[in-house]
Amino acid sequence: MKAEKQSFSLSKERQEIIKKEMTRYETKLSCLIPCLWQIQKEKGWISKSAVSWLSEITQIPESHIYEVLMFYTMFNKKPVGKFHVQVCSNVSCALNGSRELIAELCEKLNVKEGETSSCGNWTVSKVECLGACDEAPVIQLNDSYLGKMKKESALSILKSKLNAGTF
């Protein structure tokens with residue numbers, strides 16, 4: 001475990017942001033979400049070594065950090081592709097074709113649900129709710145929401161993002 005702690009590092013900029021977050025709240029526990037978010041923004045996911053590092057910096061037990069990390073689905077617990085495609089599977093989206101959309105995306109992008117493609121570009125995940133029922137079915141592509149997605153339009157948008165090198 002010691003080797004893991006030593007192997008984790010963040011840029012000076014992110015470290016400064018985390019230090020600032022630790023001073024913003026009455027209790028250090030309140031800084032966990034913003035601190036985890038900063039780690040994910042730089043690394044793309046939250047590793048065990050990141051949790052150990054954050055625990056050491058904040059003096060918050062790893063068990064408390066894991067409680068927050070495991071509760072929130074916005075945190076990636078394993079590496080994801082360059083493009084993380086999250087498809088809402090809640091009632092409104094399911095009734096409007098999200099199940100079929102997930103299947104089509106996985107087939108066309110050559111990736112299994114919840115996994116990353118061999119090229120490293122795509123991770124397709126089914127998520128419980130993206131909070132945009134009026135736009136069903138909804139996809140979250142990295143940090144952007146795309147609503148009223150149909151198979152053809154979703155694939156077209158995803159491929160254009162890849163070709164444009166955006167995100």
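Predicted model: local features only at pLDDT ≥ 70, side-chain atom pairs only at ≥ 80, totals over all residues.
**The crossing**

Helix α7 covers residues 98-109, and helix α8 covers residues 151-164. Their axes come within 10 Å and cross at roughly 40 degrees. That angle makes α7 oblique to α8. On the α7 side, the contact is made by Glu 100, Leu 101, Glu 104, Leu 105, Lys 108 and Leu 109. On the α8 side, Lys 151, Ala 154, Leu 155 and Leu 158 take part. By class, this contact has six nonpolar, four charged and no polar residues.

**Helix α7**

Helix α7 has 12 residues. From its first C-alpha to its last, α7 reaches 16 Å, close to the 16 Å expected. Several of its residues are buried, including Leu 101, Glu 104, Leu 105 and Leu 109. What do the buried residues of α7 pack against? The elements are these:

| Element | Residues |
|---|---|
| β1 | 83-88 |
| α6 | 91-95 |
| β2 | 122-127 |
| β3 | 139-141 |

Helix α8 is a further partner of these buried residues. Just after α7, Asn 110 takes a positive phi of about 60 degrees.

**Leu 155**

Leu 155 is found in α8. Is Leu 155 buried or exposed? Its relative accessibility is 10%, so Leu 155 counts as buried. Leaving aside neighbours within four places in sequence, Leu 155 is in contact with Glu 104, Leu 105, Lys 108 and Leu 109. Leu 155 and Leu 105 are 50 residues apart in sequence, yet 7.0 Å apart in space, C-alpha to C-alpha.

How values were computed
Residues numbered from 1 in each chain as written. Heavy atoms only, no water. Axes fitted to C-alpha atoms, helices over the stretch in contact; angles between N-to-C directions. Helix = DSSP H or I, 4+ residues; strand = E, 2+ residues; numbered from the N terminus. Parallel < 35°, antiparallel > 145°, perpendicular 65-115°, else oblique. Contact = heavy atoms within 4.5 Å. Nonpolar A, V, L, I, M, F, W, Y, C, P; charged D, E, K, R; others polar. Expected span 1.5 Å × (residues − 1). Buried < 20%, exposed > 50% of the residue type's maximum accessible area, 1.4 Å probe, protein only.
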